[in-house]
Amino acid sequence: MVELAGIIILGIIAQWVAWRLKLPAILPLILIGLLVGPISTLFTENGEKLIQPIWNGEKGLFPGDGLYYFVSLAISIILFEGGLTLKRSEVSNVGPVITKLITVGTLVTFFGAGFAAHFIFDLNWQISFLFSSLIIVTGPTVITPILRNIPLKKDVSAILKWEGILIDPIGALAAVLVFEFISVGEGQAYTKTALIEFGKILLFGSTFGFTFAHALAFAIKKNFIPHYLLNVVSLSVVLLVFVESDIFAHESGLLAVVVMGMVMGNMNLPNLKELLYFKESLSVLLISILFILLAANINIADMELIYNWNTVILFAVIVFLIRPIGVFLSTRGSGLKVNEKIFIGWVGPRGIVAAGIASLFGSKLMAKGEVGAEYITPLVFMIVLGTVLLNATTARIFAKWVGVFLERSEGILIIGASKASRIIANYLQANKRHVVVIDNNESNIEKCKNMGLEAITANIYSDNLTDNLELNDVGYLMALTGNSDINKYAIDKFRTQFGENGSFRLVNVDEMNDPENNPKEGLFSHTDDFIKLTETVRKYPAIHEIELKDQKHYEGLIEITKADDHIIPVFLKAPDDELIIISSFSKEFKDIGEGYKLVYLGKMFESSESAAAKKIDKS
């Protein structure tokens with residue numbers, strides 16, 4: 001009881017420390033696991049571990065293969081949660097790159113790391129390629145925390161995120177095939193077995209995942225599941241899919257849950273966000289437990305096996321040679337720049353799937369007396385710990401060094417998905433700006449998506465918003481809701497993270513009637529509140545541009561918009577197509593000349609109004 005409670009407590013402490021230091025949680029978790037596991041044997045009186053994961057006849061948490069069953073079920077939940085976050089819209093530009101990374105990149109890692117392990121550690125070919133198959137995977141549980149803390153171009157983040165999730169079942173498949181090779185033997189027997197296993201994994205994994213995803217979605221939409229049981233029913237279905245698929249084809253369960261998550265994540269499914277939050281919280285708990293258990297299960301003798309320079313050489317070859325080669329081959333002909341390819345090649349931390357399967361297969365082969373099997377678990381853990389430590393401490397600095405760090409985030413976050421917000425967002429996107437709209441109104445968000453806009457159902461009072469990778473390059477904030485308190489809260493809370501280049505909100509009625517105290521973050525002008533915005537787009541739902549002659553021409557048009565209830569100035573468009581958000585203090589703009597345009601919402605300026613503006617120019 002003390003050990004179980006201790007693992008949970010230590011795991012959550014490690015998660016909190018990781019959050020405070022902005023590190024992937026896997027790093028402190030593995031260190032804690034090593035401290036309460038193999039390292040603790042050096043200090044205890046009887047040489048026993050403080051936490052013994054597997055029953056040794058006297059103490060231990062899991063009998064026999066119980067630990068690996070628990071690890072497998074936990075990984076299935078983690079991968080399902082990862083699958084839910086994969087959106088087709090993220091890969092519209094980089095789909096081919098991701099496909100090559102999980103095919104060409106996988107082959108490069110498999111053969112490259114296999115040859116390296118064979119010649120550096122003098123392991124036999126079977127064990128060498130089992131090791132290489134296990135380190136194919138890059139873990140989403142470690143990549144995501146790294147990416148959250150680095151403002152990157154959206155395509156770069158999407159590539160690393162999708163690769164980390166999709167490559168997990170591929171790595172598991174490769175490890176199963178190599179394990180079967182070692183167990184069955186080479187020649188015709190293995191060839192037949194490998195082909196059968198490969199086909200079964202693809203068939204049952206994809207079939208079970210796709211079928212159960214639609215079945216669960218149907219049950220949710222038809223309200224067959226009461227709201228209070230939604231999360232636990234979904235959890236039980238995920239475990240059912242994993243176990244059933246695994247019964248028909250060993251290790252196909254990982255593919256099944258990823259497919260199930262991807263399919264459900266791209267459906268118009270009610271309560272999806274709530275389901276995702278539940279799975280995310282559960283994943284945090286499971287990851288905390290898993291890494292401590294798996295690290296604690298390593299023996300001090302295993303660590304001594306790799307305590308030499310050969311380990312350093314193997315690590316360097318995998319990280320600094322094989323990974324970059326795989327990335328550059330996979331990104332040939334893509335639109336990625338060289339510095340972006342270098343950064344993707346640098347970031348390749350391994351995670352829970354590699355550690356979990358390595359512990360399972362390593363133990364099974366050691367029980368069979370396979371020569372060299374004792375190297376599998378410690379070598380894989382070395383790669384996991386080393387890559388996480390390297391990427392967690394250097395990714396941000398390396399991103400700045402190679403020039404992929406977005407020093408000035410040009411993306412625009414619009415809070416509120418009303419009709420006016422959608423029109424403004426559509427204009428921004430048409431002018432090649434990355435714009436994201438958030439709202440807790442799912443109907444409005446669906447309307448945004450139907451227009452081809454990037455939109456997220458979210459509550460601004462939730463802390464999870466700051467973890468969203470889609471907002472990595474956001475530097476402007478526009479709060480356009482009809483609730484003044486929400487607009488003010490959004491500015492106060494997200495100004496530093498999403499609005500460092502400019503944070504703006506609609507003024508309220510009191511501020512509109514007191515122009516002297518109009519806030520500097522007020523949008524458009526001191527006469528434009530949500531009611532005027534809504535009425536304007538109801539009658540004139542369009543955005544127009546008008547050429548400007550000079551500074552006075554601009555100021556004259558602004559004065560006209562203040563007097564007209566159906567014209568609202570939105571942006572100033574520079575000759576280089578830069579869009580400048582107009583605020584209540586728009587007269588502060590200087591040096592406006594030919595080539596500039598006023599972007600406005602509502603009815604078009606009439607000829608008489610243009611003439612009036614010109615008259616103001618001359619006065």
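Analyst: Two residues are said to be in contact when heavy atoms of one lie within 4.5 Å of heavy atoms of the other. The model discussed here is predicted. With residues up to four places away in sequence left out, T481 touches I415, G416, I486, N487, L506 and F530.

User: Where is T481 placed, and what makes it buried or exposed?

Analyst: T481 is in the loop between β4 (474–479) and α20 (484–498). Its relative accessible area is 14%. Buried means under 20%, so T481 counts as buried.

User: What makes the link between the side chains of T481 and N487 a polar contact?

Analyst: A polar contact requires a pair of N or O atoms within 3.5 Å, one able to donate a hydrogen and the other to accept it. The side chains of T481 and N487 make such a contact at 2.7 Å. The side chain of T481 also reaches the backbone oxygen of N483, at 3.1 Å.

User: Why is the pair of W346 and F398 called stacked?

Analyst: A pair of aromatic rings is described by the distance of the centres and the angle of the planes. Rings pair if their centres lie within 6.5 Å, and planes under 30 degrees apart count as stacked. By this rule there are 18 aromatic pairs. In the pair of W346 and F398, the centres are 4.3 Å apart and the planes are at 10 degrees, and the pair is stacked. W346 lies in helix α15 (residues 338–346) and F398 in helix α17 (residues 376–402), so this pair ties together parts that are 52 residues apart in sequence. Both W346 and F398 are buried.

User: Why is the pair of Y427 and F571 called stacked?

Analyst: The ring centres of Y427 and F571 are 6.0 Å apart and the planes are at 15 degrees, so this pair is stacked. Y427 belongs to helix α18 and F571 to strand β7 (residues 567–573), so the pair joins parts 144 residues apart in sequence. Relative accessibility is 11% for Y427, which therefore counts as buried. F571, at 0%, counts as buried too.

User: Which residues form the nonpolar patch on the surface, and what makes W125 partly exposed?

Analyst: The patch is formed by L107, F111, F115, F119 and W125, with about 540 Å² of accessible area together. Helix α5 (residues 104–121) gives the most to the patch, with four residues. W125 lies in helix α6 (residues 125–134). The relative accessible area of W125 is 35%.

User: How many helices and strands does the chain have, and what percentage of its residues is buried?

Analyst: The chain has 24 helices and nine strands. Buried residues make up 57% of its 619 residues.

Definitions and conventions
Residues numbered from 1 in each chain as written. Predicted model: local features only at pLDDT ≥ 70, side-chain atom pairs only at ≥ 80, totals over all residues. Heavy atoms only, no water. Patch = residues over 30% accessible without salt bridge, like charges linked within 9 Å, V, L, I, M, F, W, Y side chains within 5 Å. Areas by Shrake-Rupley, 256 points an atom, 1.4 Å probe, with all protein chains shown as cover. Salt bridge = Lys/Arg side-chain N within 4 Å of Asp/Glu carboxyl O. Helix = DSSP H or I, 4+ residues; strand = E, 2+ residues; numbered from the N terminus. Buried < 20%, exposed > 50% of the residue type's maximum accessible area, 1.4 Å probe, protein only. Phe/Tyr/Trp six-rings, centres within 6.5 Å; stacked < 30°, edge-to-face > 60°.
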